[in-house]
Amino acid sequence: MTSILFLCTGNSARSILAEALANHLGGGRLQAFSAGSFPKGEPHPMALLLLAERGITGDFRSKSWDEFAVPDTLPIDIVITVCDNAAGEVCPIFPGRAIKAHWGIPDPAAVEGEGQRAAFETAFDQMRERIAALLELDLAADAQSLQRALSAIGRFEGATYGATGATADR
């Protein structure tokens, strides 16, 4: 089983969605976790509502990445940051030898009011597409090939990258 950690700054929306989707769709191939460099303390209510409406349940909580950097913790095979560099977010850099990739997705929690639900649905759909692509990969491939493939997934339509505000299309 491959262990994967989805990192963001607040660990309240995108990384929670990624953790939930990876465990739900992974069929036992993945053991997914999420964390943040500055966790909000609880998942965003809209993230939890959307997951529940889609039949995805779990014990989701906002937590610090420190939980995964201590001795005797499950080793993490893959670390994927999901923050939005284009919006000026600073992505955490996780130490260690894990394979690392970036899947930038705009933060739905930054949207307030009427458009928030649509922003969460978009983030959910983009993350589901990326997780599905991840599950098509040979997770036992050599680290360099796997890292390239994971980075390519991060450039799917709707992905954000760099500091220019550009959006990548697949």
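Modeller: Let's start with the way α1 passes α3: the crossing is right-handed. Please keep in mind that this is a predicted model. Two packed helices are described by the angle between their axes and the distance between the axes. For helix α1 (residues 14–25) and helix α3 (residues 116–135), the axes come within 9 Å and cross at roughly 45°. The two helices are therefore oblique to each other.

From α1 come R14, L17, A18, L21, A22 and L25, and they meet F120, A123, F124, M127, R128, I131 and L135 of α3. Sorted by class, this contact has 11 nonpolar residues and 2 charged ones, with no polar residue.

What about the other helix that meets α3? The axes of α2 and α3 come within 10 Å and cross at roughly 60°. That angle makes α2 oblique to α3, and α2 also passes α3 in a right-handed crossing. On the α2 side you can find M46, A47, L49, L50, L51 and E53, while α3 brings Q116, R117, F120, E121 and F124. By class, there are 7 nonpolar, 1 polar and 3 charged residues in the contact of α2 with α3.

Let's go back to α1 for a moment, as one of its residues has a charged partner elsewhere. The side chains of E19 and K63 meet in a salt bridge, at 3.8 Å from N to O. This pair links distant parts of the chain: E19 sits in helix α1 and K63 in the loop between α2 (45–53) and β3, 44 residues apart. In total, the structure holds 7 salt bridges.

Strands of a sheet pair through backbone hydrogen bonds, either parallel or antiparallel. Here, 4 strands form an open sheet in the order β2-β1-β3-β4, with parallel pairing. At the edges are β2 (30–36) and β4 (99–102), each pairing on one side only. On average, neighbouring strands of this sheet are turned by 20° against each other, ignoring direction. For a pair to follow by eye, take strand β1 (residues 2–8) and strand β3 (residues 78–81), which pair in the parallel sense over 4 bridges. L5 has V79 in β3 as its bridge partner.

Notes
Residues are numbered from 1 along each chain as its sequence is written. This is a predicted model: local features need pLDDT of at least 70, side-chain atom pairs count only at pLDDT 80 or more; totals for chains, interfaces and linings use all residues. Side-chain values use heavy atoms; hydrogens and water are left out. Axes are lines fitted to C-alpha atoms, for helices over the stretch in contact, and angles run from 0 to 180 degrees between N-to-C directions. Angles under 35 degrees count as roughly parallel, over 145 as roughly antiparallel, 65 to 115 as roughly perpendicular and the rest as oblique. A crossing is left-handed if the near helix is turned anticlockwise from the far one by less than a right angle, and right-handed if clockwise. Contact means heavy atoms within 4.5 Å. Ala, Val, Leu, Ile, Met, Phe, Trp, Tyr, Cys and Pro count as nonpolar, Asp, Glu, Lys and Arg as charged, and the others, Gly among them, as polar. Two strands pair if DSSP finds at least two bridges between them. A salt bridge is a side-chain nitrogen of Lys or Arg within 4 Å of a carboxyl oxygen of Asp or Glu.
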